[in-house]
Amino acid sequence: MGKVKFAVVVFPGTNCDMDCYYVVKEVLGEEADYVWHREEDLSPYHCIILPGGFSYGDYLRTGAIAKLSPVMEGVRREAEKGKLVIGICNGFQILVEAGLLPGALLKNTNLRFLCKFVHLRVENNQTPFTHLYKEGEVLRMPIAHYEGRYFAPPPLLQSLEKNKQVLLRYSDPEGKLKEEANPNGSLNFIAGIVNEKGNVFGLMPHPERCSEEVLSSEDGFRIFKSMADWMKAQL
Amino acid sequence: MKRPTYKELGLTRYEYERIKRALGREPNLVELGMFSVLWSEHCGYKHSRRFLKLFPTQAPWVIQGPGENAGVVDIGDGLCIAMKMESHNHPSAVEPFQGAATGIGGIVRDILAMGTRPIALLDSLRFGSLSSPRVKYLFQGVVSGISFYGNCLPAEEKVVLKIKGNMECISIEELANRFIPIKEDFPQAAEMEDVQILSFDMKTRSICWRRALKVFRRKAPSFMEVTTTSGRKILATPEHPLLAFREGLRFVNVGELEQGDTVFLFQDLSYPRPTRVLRVRDIKEERWVFDVEVEDTHLFLTQAGFAVHNCIGVPTVAGEIYFEESYEDNPLVNVMCVGLGRIEELQRGRAEGVGNLAVLVGSSTGRDGIAGAAFASVELGPESETKRPQVQIGDPFSEKLLIEAVLEAIKTGAIVGVQDMGAAGITSSTSETAARAGRGMELDLDKVPLREKGMTPFEIMLSESQERMLLIVRKGEEGKVKKVMEKWGLNYAPIGVVTPDGVLRVKHRGEVVAEVPAKLLAEAPRYRPKPVKPAYVDELTSFPTDNLPEPEDYQGVFLQLLASPNIASKEWVYEQYDHMVLLNTVIYPGGDASLLRIKGTRKGIAVKTDGNGRYVYLNPYRGGMIAVAEAARNISATGAQPLAITDCLNFGSPEKGEVIWQFSEAVRGMAKAASYLNIPIISGNVSFYNESPQRRVFPTPVVGMLGLIEDIDNRLTTGFKKEGDLIALVGETFPEIGASEYLKEIFGKVAGEPPLVDLEREWRANKLCIEGARMKLFSSAHDISEGGLAVALAESSILGKIGASLRLPTSMPPSYYLFSESQARFLVSLSPENLHRLEGLAEELGVPITVIGEVGGKRLYIEGERELINLSLKDIEKIFRFAIQRAIEE
């Protein structure tokens, strides 16, 4: 069986592209290509990563301009075909702005950029992105964002919860949902959600920053591994 | 324009005569302007050069010492590290955090110019006392973010502009007031020159700078009033967009809002809160509204909240902050950048090869910052308030594009030289590259992409527009470089050709407007004012510190020290910077030095900045030595071997004898320590004139140090690791309270002699730490510095999340033992079975070690002849971690 091909999408201002590329190639051992934002054809790839950064400088709303990029047409097309799309941090914001994921991401309640490790609880492991985790498992992952407070109006929030679309929640180290464990004020402690179909995943924490022991946590690695394994099973 | 005199340009009569003699004729205006910037203190090092010659700059591993864009060392495996530090003190006097976070353009370009990729930034910050409201504001770097774009905006709406090249974020009302000072009832408009506004180009779907041509002000006759369920009312014109949630965040015109819509309202300095629309109604009421006409597009953007982090994808991994009254008027913002590259891809700022092209890449040139280098070379006074540049936010987004584009261009192999275009812009970059190569250059100013019409050769040559670089491109291969610049949407402008004659010849509209030997520009005259020892030194150092009363409540004193902003955790700061991007940071900020791995090898580099201005103020020679010695201990405490130094020397006006005395003594001390410890100083920067009529900053040499560890598995961190580990003191404690944080915080005194320095002890203690790390003897290691042993112990406990108990092995009064800032010491922990080997190593190296306690439990316990401190780790941690946040919120 061949290698799984990941596309790492690069917008002007993306800055976690090299990190995602490194994890896929060097840690996971699969194939990766950088795809410049002007490209439209993503059909050669099995998985698409929208990495973090400050696409187009984020001078407007985060992600609001990236969603107009030609590459987002390709992302939309591949997502419809059922390929796996993951948006990390700014990538999550872009997916939300593009309407590929529901809800909105607002400025952190403390109005500060925050770069630190947080704890996350796995809420649903029945997805292509989380099947290598246990349900209820507590992970340690870093966040690095200014606009990561997840918001959705009550009806949407209810349907997200009902469909088990919330995959990760901020928690304390014991997995308890305590107010002080919520770094940005997200509703329902939401750190990551998946679309209804289950193939588009967005999360604020950075799994690529904790995929090796030397970086003090490996808890993010199984997200990439889950994607690759799941894709291999389909091929 | 009236021709300015040499005096008005900042040159002295002596300098003018010298130029005349060298040229054999009167210089013309353009030439005079070129000399005035290159012979300024900032570029010419007129007062500092003779002292800087004392610095050791050589070692077998040094590839590039001072004199280039950055220093470079060999770290083996064909890899090298470039490093450089620079100050942003003067531009940052208004907004230090923006200055620190995003005004890093110049230093990043210096690293880039060596052909290395910037991989880490370090900030060294000095502010006034955190109890001052102004300092608090500056420190916090308050940025309120309101994101809208649209047509007719209410008065408080902010837009992002470049006015004469300075990036500003101001309300649209303020913009209108600047250009239409007199307010009338009828609609008004004014044309603007050299104003660019951040816009969105619908065709290319990209963000761009566009010329803002006109600003409008009018009264709008009618408004809509939106009432929300949370009880708030907003007034806006019907076409005013509001952020609402309709299947995601959308801008919806107020006129189209319906009952039940969710909208987000921004309150002052608060986050946007979702709320429901209860009612929308028309209101017939007049209000002022504003608009801006933009070239080609009318879609401009309003501020989306510049946070205090950087977005160029380079992690800010370490640094330090001190608060001291002397920095109140003149905060210091020093930034160090570190780059990684392959030795064979190293670039130099040399214009080699006659016939090769000098190409300007990056942003267009405007009238901004003309003679900014000269500005950095005067004291800040009352009238300089008006001279101060506007809050410069820099343009990190363009900077990031420039990084990627230049690195990609270097890979084409078509480039023979790279130079940052910083202070003195085209003049310095072309003359420096030509002078280094012993060549000349012929420039055609008609080829320089300009932002404004009608710029004179004088202005073009002296502009300091940011985000520009000079590339020397091999003749015939320019197509390769051009293609790369086009991909990244940056200007590619061949503005000159390398010539054999050593002359910088500048043409404008077919005429030669300047003709000067490049070498002459690079050789500013040197001055030698007489050093005068200031009277305060003897007065303050004679303060007796050997008989201070013992505190009644050691716990209270200990907690007060931990809450001192100079000692408390700087988490509040480093959490606001991305310190992880690029996946190299292996030891995060908060301990001694930060450690970055070098991917594809076992190696790592340790980086740290340091510089205690208080020590230098009281004894500049000793303080200079300590700056080097302490940085070295920070590096060794990670297990890395110190390799090289970059520095930034922040002082007052060099025209004053007292400042020259401080400077010469501090440099002498640094040189002595750097030579003894064999850590060459390979690049640096001098920042003079850090004074106002009221205050002069403490003389503050900041040392940025690089270390190398061969195997990152041997790295050491600050936090205790294991129950039952022994705690040992490496080195010796003397009753040295002079110049200490304890004396300042508890007795309110900045006085006494700073601790003694014994460089042989330093050398041996460092060696013990590095050897011990290699032998895997230690569980943790931590440099002992401000606040002494007690603070070091608290830090190791808090970071390790494990308690400790200590018994003082001394007859010294406990406060002296606990809070002394004696040098050449480390606090280490180790498992008991390693003690024997450590003792052996210590004996071999002649370093005293004393076992003073044990790791374990959830409390910090210290006893002397009686119990002195007995506190739960939780309580200590709370004070230590949140002291700065509390001080700001108070």
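1. Contact here means heavy atoms within 4.5 Å.

2. A word on the ground rules. This is a predicted model, in which local features need pLDDT of at least 70 and side-chain atom pairs count only at pLDDT 80 or more, while totals for chains, interfaces and linings use all residues. Residues are numbered from 1 along each chain as its sequence is written, chains are lettered from A and ligands numbered from 1 in the order in which they are written, and side-chain values use heavy atoms, leaving out hydrogens and water.

3. Let me start with an open sheet of seven strands in chain B, in the order β20-β22-β19-β23-β21-β24-β25, with mixed pairing. Two strands pair if DSSP finds at least two bridges between them. At the edges sit β20 (415-420) and β25 (511-517) of chain B, each pairing on one side only. From one strand to the next, the twist averages 25 degrees. Inside this sheet, β21 (residues 440-444) and β24 (residues 503-508) of chain B pair in the parallel sense over four bridges, and D444(B) has K507(B) of β24(B) as its bridge partner.

4. Two helices to look at on that sheet are α6 and α14 of chain B. Helix α14 (residues 478-487) packs on the sheet by touching β19 (357-362), β20, β22 and β23 (491-499) of chain B, and its direction makes about 150 degrees with that of β23(B). Helix α6 (residues 105-113) touches β20 and β22 (468-473) of chain B, and its direction makes about 165 degrees with that of β20(B). For these angles, axes are lines fitted to C-alpha atoms (for helices over the stretch in contact), and values run from 0 to 180 degrees between N-to-C directions. Helix α6(B) is mostly covered, with nine of its nine residues buried, including R109(B) and D110(B). After α6(B) comes G115(B), whose phi is positive, near 85 degrees.

5. Another open sheet of seven strands in chain B runs β33-β35-β32-β36-β34-β37-β38, also with mixed pairing. Its edge strands are β33 (780-783) and β38 (867-872) of chain B. Neighbouring strands are turned by 20 degrees against each other on average, direction ignored. Strands β32 (residues 726-730) and β35 (residues 826-830) of chain B run antiparallel and are joined by five bridges, with V730(B) opposite F826(B). Helix α26 (residues 835-845) of chain B packs on this sheet, touching β32, β35 and β36 (849-855), and its direction makes about 155 degrees with that of β36(B).

6. How do the helices around α20 pack? The axes of α20 (residues 620-636) and α23 (residues 759-774) of chain B come within 9 Å and cross at roughly 10 degrees. That makes α20(B) roughly parallel to α23(B); angles under 35 degrees count as roughly parallel, over 145 as roughly antiparallel, 65 to 115 as roughly perpendicular and the rest as oblique. Their contact has six nonpolar, two polar and two charged residues. Here Ala, Val, Leu, Ile, Met, Phe, Trp, Tyr, Cys and Pro count as nonpolar, Asp, Glu, Lys and Arg as charged, and the others, Gly among them, as polar.

7. Helix α20(B) also packs against α21 (residues 657-676) of chain B, at about 40 degrees and with the axes 7 Å apart. The two helices are therefore oblique to each other. Their contact includes Y621(B) and M625(B) of α20(B) and W661(B) of α21(B).

8. Finally, do look at β31 (residues 700-709) of chain B, where ten of ten residues are buried. Both faces are covered, with V702(B) among the buried residues on one side and V703(B) among those on the other. Strand β28 (residues 604-610) of chain B pairs with β31(B) in the antiparallel sense over seven bridges, and β29 (residues 641-650) of chain B is joined to β31(B), also antiparallel, by nine.

Conventions: Buried means under 20% relative accessible area, exposed over 50%, partly exposed in between (1.4 Å probe, protein chains only).
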